[in-house]
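I opened my notebook to keep track of what I looked up. My plan was to go from the whole chain down to single residues.

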Amino acid sequence: MKKKYRGKLYLLSALLFAAVAAWFVISAGNAEAVYNSVMKGASLCYSIEGEYPPDLEYLEKHYGVRINEDKYIVDYSYFGANIRPTVTVIEKEGAE
C-alpha cells in the first residue's frame, strides 16, 4: 500500500473507532463499557501499528478513547509491545 494512503487509512480507522467508542460509552455508561472501549482501542492500535499502546494517554490521544475519571478508576498494565495489556475498571462509589 502506498504511504499516502496508509496515513489516510490510519486516520479514518482512528476516527471511526473514536465515534463507535464514544457512542458505546455514552449509551452503556458502565464499567464493562469502559473496559471494552479500552480493550478495543488497544486491539485497534495493535492491528494498525503492530504493537500495543504503552499507556492510556496514548489511547486517548491517538485513538479517541475517553474515560470519565470522575466515575471510573482504570488500571492499564503494559507488559510489552506484543503482549496484550491487562485492564481493570472500577466504578467509584457515589459517582453518577
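The entries below follow the order in which I looked.

**Entry 1: the whole chain**

I noted at the start that this is a predicted model. I then listed the elements and found three helices and two strands in the chain. Along the sequence, I read the pattern α-α-α-β-β. Next I looked up burial. Buried residues account for 32% of the 96 residues in the chain. I also looked at contacts between residues at least 6 apart in sequence, and 46% of them join residues at least 24 apart.

**Entry 2: helix H2 against helix H3**

I turned to H2, residues 31-49, and H3, residues 56-63. How do two packed helices get described? I use the angle between their axes and the distance between the axes. The axes of H2 and H3 come within 10 Å and cross at roughly 75 degrees. An angle of 65 to 115 degrees counts as roughly perpendicular. H2 and H3 are therefore roughly perpendicular to each other.

Which residues meet there? From H2, I wrote down Val38, Gly41, Ala42, Leu44, Cys45, Ile48 and Glu49. From H3, I wrote down Leu56, Tyr58, Leu59 and Tyr63. I sorted the residues of this contact by type and got nine nonpolar, one polar and one charged.

I stayed with H3 and asked which of its residues are buried. They are Leu56, Leu59 and Tyr63. I looked down the axis of H3, where its buried residues fall within an arc of 75 degrees, so they line one face of the helix. I recalled the general rule for an α-helix: there are 3.6 residues a turn, so residues three or four places apart point the same way. The face of H3 turned away from the buried side carries Glu57 and Lys61, which are exposed.

**Entry 3: the two ends of H3**

What caps the N-terminal end of H3? I found Asp55 in that place. A side-chain oxygen of Asp55 lies 3.3 Å from the backbone nitrogen of Glu57. Then I went to the other end. Just after H3, Gly64 has a positive phi of about 70 degrees.

I picked Leu15 in helix H1, residues 3-28. Is Leu15 buried or exposed? Leu15 has a relative accessible area of 53%. Exposed means over 50%, so Leu15 is exposed. I also checked Leu15 against Tyr63, which is 48 residues away along the chain. Their C-alpha atoms are separated by 7.4 Å.

Asn36 came next, and I found it in helix H2. Asn36 has 22% relative accessibility and counts as partly exposed. Asn36 and Val89 are 53 residues apart in sequence, yet 9.9 Å apart in space, C-alpha to C-alpha.

Last, I looked up Phe79. Where does Phe79 lie? I found Phe79 in the loop between strand E1 (72-77) and strand E2 (86-91). Phe79 is exposed, with a relative accessible area of 52%. I left aside its neighbours within four places in sequence and found Phe79 in contact with Arg84 and Thr86.

Conventions
Residues are numbered from 1 along each chain as its sequence is written. This is a predicted model: local features need pLDDT of at least 70, side-chain atom pairs count only at pLDDT 80 or more; totals for chains, interfaces and linings use all residues. Side-chain values use heavy atoms; hydrogens and water are left out. Axes are lines fitted to C-alpha atoms, for helices over the stretch in contact, and angles run from 0 to 180 degrees between N-to-C directions. Helices (H or I, at least four residues) and strands (E, at least two) are DSSP runs, numbered from the N terminus. Angles under 35 degrees count as roughly parallel, over 145 as roughly antiparallel, 65 to 115 as roughly perpendicular and the rest as oblique. Contact means heavy atoms within 4.5 Å. Ala, Val, Leu, Ile, Met, Phe, Trp, Tyr, Cys and Pro count as nonpolar, Asp, Glu, Lys and Arg as charged, and the others, Gly among them, as polar. Buried means under 20% relative accessible area, exposed over 50%, partly exposed in between (1.4 Å probe, protein chains only). The arc is that of the directions from the helix axis to the C-beta atoms. A polar contact is a pair of N or O atoms within 3.5 Å; within protein, one must be able to donate a hydrogen and the other to accept it, and residues adjacent in sequence count only if both atoms are side-chain atoms.
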